[in-house]
Amino acid sequence: MNGNVPGGLWRASLRAADGWRTVREPNGPYADASLLEWGSITKGLVGTTASITLEVERPVADYLPAVPDAAMTIADLVHHTSGLPRVPATIRDSLFRDPYRSAVGVPLDLAAALPVSPRGQYVYPNLGYALLGAVLDEVHGDWYAAVREHVLQPAGITSAALEPDPSDRVMPRLLGRAIRPWMLGAGSFAAAGGVWSTFDDLCRYADWALEPGAPSCRTVSWQRSGGAVWINGEVRAAGAVIASAGGVTAVVHALAKAPGAADRIAATLVEQEVRRTPEG
């Protein structure tokens, strides 16, 4: 992507051969609080934990017999090839209400895990990772405790939380009032996008996942195209991305921007850095 990066509320850091450097210092809401929404970057933690601790070729129904599709495997959930819909029919998108509020305090409806497209076809469902969280709950007793043991602690991440204190959350404001985040971390869809952490810990996750020589399970839930690898997340009023290409990694978090804004900023920063670096 060409052109200059936009203004507005966002934070970013770049890592090249000489290490990390800050592209944009914290300001506004970023200077007032510390914890950022990861959104679907949470899936990276969960997919890695599943790959480490589960038999990925086993059917999901071996772990959760109430799941109606006997052929769907753990690997299908990890790689978004289960054919499941993005969310079940009980969760409806809305500009004015939290679609995940209905999942708070309610167990995941396993009977709703019915494919709507052919197994093996790439479809990106939050339902698949909610189901993967339920499998990890069944095996470990608590999916988040397993994620903490197998990813967060090895990566040196100490700030991560599912339901942080509101005063610690970085959120944009509308007419002087903070925009309320979705209640992802409090319900049965937490494994699909509920993690919050500091910006520095998001960078630590990037370092750990992309460490040279690291096992492929660390980026099993990431996306790839050509020589680029990335993982991103979009929630109600924020977006986050870790993107790496050409020996450059960008970590970007953006507030109150159009969907995909963090991705576009990251792509621009990586491209500019690759062009600036003599090896690029």
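Does His-80 count as buried or exposed? With a relative accessibility of 4%, His-80 is buried, where buried means under 20% relative accessible area, exposed means over 50%, and partly exposed is what lies in between (1.4 Å probe, protein chains only). Keep in mind that this is a predicted model, in which local features need pLDDT of at least 70, side-chain atom pairs count only at pLDDT 80 or more, and totals for chains, interfaces and linings use all residues. Residues are numbered from 1 along each chain as its sequence is written, and side-chain values use heavy atoms, leaving out hydrogens and water.

Back to His-80, which sits in the loop between helix H4 (74–78) and H5. Its phi is positive, about 60°, although it is not a glycine. Most residues other than glycine have a negative phi. Ala-256 is another non-glycine with a positive phi, in this case about 50°. Ala-256 is in the loop between S10 and H9, and at 52% relative accessibility it counts as exposed.

Now zoom out. The chain has nine helices and ten strands, taken as DSSP runs (helices H or I, at least four residues; strands E, at least two) and numbered from the N terminus. The radius of gyration is 18 Å, close to the 19 Å from the globule rule for 280 residues, so the chain is as compact as a globular protein of that length; the radius is taken over C-alpha atoms, and the rule is 2.2 Å times the number of residues to the power 0.38. Buried residues make up 53% of the 280. Among contacts (heavy atoms within 4.5 Å) with a separation of 6 or more, 69% are between residues 24 or more positions apart.

What holds the middle? In soluble globular proteins, nonpolar side chains tend to be buried together. Here the largest nonpolar core has 68 residues, of which Leu-131, Phe-189, Tyr-205 and Ile-242 touch the most other members; such a core is a set of buried Ala, Val, Leu, Ile, Met, Phe, Trp, Tyr and Cys residues joined through side-chain atoms within 4.5 Å. Helix H5 (residues 126–140) is the top contributor to this core, with eight residues. A second, separate core of 15 residues includes Ala-16, Val-241, Ala-243 and Ala-250.

Follow H5 to Leu-132, which is buried at 0% relative accessibility. Beyond four places in sequence, Leu-132 has contacts that include Val-46, Ala-50, Leu-54 and Ile-74. Tyr-205 belongs to helix H8, and it is one of that helix's buried residues, along with Phe-199 and Trp-208 among others. Eight of the eleven residues of H8 (residues 199–209) are buried, so the helix is largely enclosed by the rest of the structure. Past its sequence neighbours within four places, Tyr-205 meets residues including Trp-38, Arg-218, Trp-222 and Ile-242.

The largest pocket has a volume of about 520 Å³, and of its 27 lining residues, Arg-169, Met-171, Ile-179, Arg-180 and Pro-181 are closest to the centre. On a 1 Å grid over the protein atoms alone, a pocket is an open set of points with protein on both sides within 12 Å along at least five of seven lines, a cavity is a set where a 1.4 Å probe fits but cannot get out, and lining residues have an atom within 4 Å of a point. Points are joined across faces, edges and corners, and a volume is the space filled by probe spheres set on them.
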